[in-house]
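Walk through this structure with the coordinates open.

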Amino acid sequence: MWILFKVFLLFIWLLCSSNNGAYANDNDFTHSHIVSVSDLLPPTVCNRTRTALPQGPGKASLEVVSKYGPCSRLNKGISTHTPPLRKGRQRFHSENSRRLQKAIPHNYMQKSKSFQFPAKINNTAVDEYYIVVAIGEPKQYISLLLDIGSDLTWTQCKPCIHCSQQRDPFFDPSKSKTFSKIPCNSASCRILRKLLPPNGQDNCSSEECPYNIAYADNSSDGGFWAADRITIQEANRDGYFSWYPFLLGCTNNNTSDQNGASGIMGLDRSPISIISQTNTSYFSYCLPSPYGSTGYITFGRPDAVNSKFIKYTPIITTPEQSEYYDITITGISVGGEKLPFNSTYITKLSAIIDSGNEITRLPSPIYAALRSAFRKRMMKYKKTKADDEDDFDTCYDLSAYETVVVPKITFHFLGGVDLELDVRGTLVVFSVSQVCLAFAIFPSDPNSISLGNVQQRGYEVHYDVAGRRLGFGPGNCS
């Protein structure tokens, strides 16, 4: 009988070690994702029925779409994951540079009281994800990329000296009866020029108040400051919110590329962001996982039932308040085991959450430890090289497998909050023969962490701006 039992155990071990179901850890699946390799591939068909938008009084919810996925109208349904990853590193350098250099004056503009809630809204996304809004009277519809790490909301305007291609018609200021330019000799312009200097020029040479945003890849966005009405309205619904006057950038000299979008909507905590200008005290979003489904963004607080499932960590405040959503990370676990770092070291690191950068960036020592722990648990899979070797150095060829076991990665935050990443928040998939760990080194700052949108996908991320806390909860977009 004992011999038969040992034969049975040997059979089970051989079964688990076969190519059609190789396991990273034969002894413990509690801290692992067991996933079909085919399910890791980006879908080619849009499925909007997977997502349930939050509903209820006092809130406005709208659809979030990846501009690279099959649900996007910006790319005419052509699904590709490569472009944002290839451009992510350049954008990351520029965002970090802006973060270090920016000094924002406080209370420099009067806030209007014309924000109309209850609000209901339309098609959304964030630097990789876009929202359709209306500018002016009568309304002109444009697609804006949502960016938690940006302040200025801007769109390409006519007449355009040099603009990138976009799916929507260019915004035409001459057709809006509510449009006005910020005069160059005004007090407002003097403050705004300190925020975004127009190529280092301090003097006014025209009636326009100019700005210029320079990026690390030598691209730039240049234009002038203006005010107009912004309306965010849900398709085929009467609900909306509107704000006037809304301060925005009118870009007419743009060498960057928004991949079909008209511009960017800035959602950070600076005085010129849409959050500050509209006195929004609470908003949340769920970024779709996988690409073939859609997500949502909601302006307004969750109901009492859903609030019970949200866990909050403080947004760090200092005398010199950052315009970013700064958080404190206390540790990272791989496969249920915390990385071997003193909690004091990790908690002192500067950490932000960012929807505009795809992958999470870590200081070199932390990334090396995470990579080592991940590789240890993925030893049974064949390693391969990524095309973009600067960012990805831990990639696997999974073409020989039907099912794989991937160690779970969990971020631990101040306040006892844990974020267990979805498997699509752990891996970046170019093809079944090129599946990479979705993390990289923070290239320019050894003391900072940037939590990218890949790691946020599939969860509701809540921004309690008034309460100065950031929350994570179960999402309905996966």
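Start at serine 276, which counts as buried because its relative accessibility is 12%. Buried means under 20% relative accessible area, exposed means over 50%, and partly exposed lies in between (1.4 Å probe, protein chains only). This is a predicted model: local features need pLDDT of at least 70, side-chain atom pairs count only at pLDDT 80 or more, and totals for chains, interfaces and linings use all residues. Residues are numbered from 1 along each chain as its sequence is written, and side-chain values use heavy atoms, with hydrogens and water left out.

Serine 276 lies in helix H5. Helices (H or I, at least four residues) and strands (E, at least two) are DSSP runs, numbered from the N terminus. A polar atom of the serine 276 side chain sits 2.6 Å from the backbone oxygen of serine 270. That is a polar contact: a pair of N or O atoms within 3.5 Å, where within protein one must be able to donate a hydrogen and the other to accept it, and residues adjacent in sequence count only if both atoms are side-chain atoms. Valine 465 is 189 residues from serine 276 in sequence, yet their C-alpha atoms are 9.5 Å apart in space.

Arginine 269 belongs to the loop between strand E10 (263-266) and helix H5 (274-277). Is arginine 269 buried or exposed? It counts as buried, at 11% relative accessibility. Its side chain places a polar atom 3.0 Å from the backbone oxygen of tyrosine 324.

Now take helix H4 (residues 187-195). Cys189, Leu192, Arg193 and Leu195 are buried there. Seen down the H4 axis, the buried residues fall within an arc of 150°, so they line one face of the helix. The arc is that of the directions from the helix axis to the C-beta atoms.

Next come the disulfides. How many disulfides does a search of the whole structure find? It finds six. The criterion is a pair of cysteine sulfur atoms within 2.5 Å. One of them joins cysteine 157 to cysteine 250, S to S 2.0 Å. This pair links distant parts of the chain, 93 residues apart: cysteine 157 is in the loop between strand E5 (154-156) and strand E6 (180-181), and cysteine 250 is in strand E9 (residues 240-254). Both cysteine 157 and cysteine 250 are buried. Their S-S torsion is about -115°, so the disulfide is left-handed.

Cysteine 395 and cysteine 436 form another disulfide, with sulfur atoms 2.1 Å apart. Cysteine 395 is in strand E20 (residues 395-397) and cysteine 436 in strand E25 (residues 434-437), distant parts of the chain 41 residues apart. The torsion here is about 105°, so this disulfide is right-handed. Both cysteine 395 and cysteine 436 are buried.

Arginine 301 pairs with aspartate 464, the closest N and O atoms being 3.4 Å apart. Arginine 301 lies in the loop between strand E12 (295-299) and helix H6 (304-307) and aspartate 464 in strand E28 (residues 459-464), so the bridge ties together parts 163 residues apart in sequence. Arginine 301 is partly exposed, at 41% relative accessible area, whereas aspartate 464 is buried at 3%. Glutamate 337 bridges to arginine 377, with the closest N and O atoms 3.1 Å apart.

Key: Salt bridge = Lys/Arg side-chain N within 4 Å of Asp/Glu carboxyl O.
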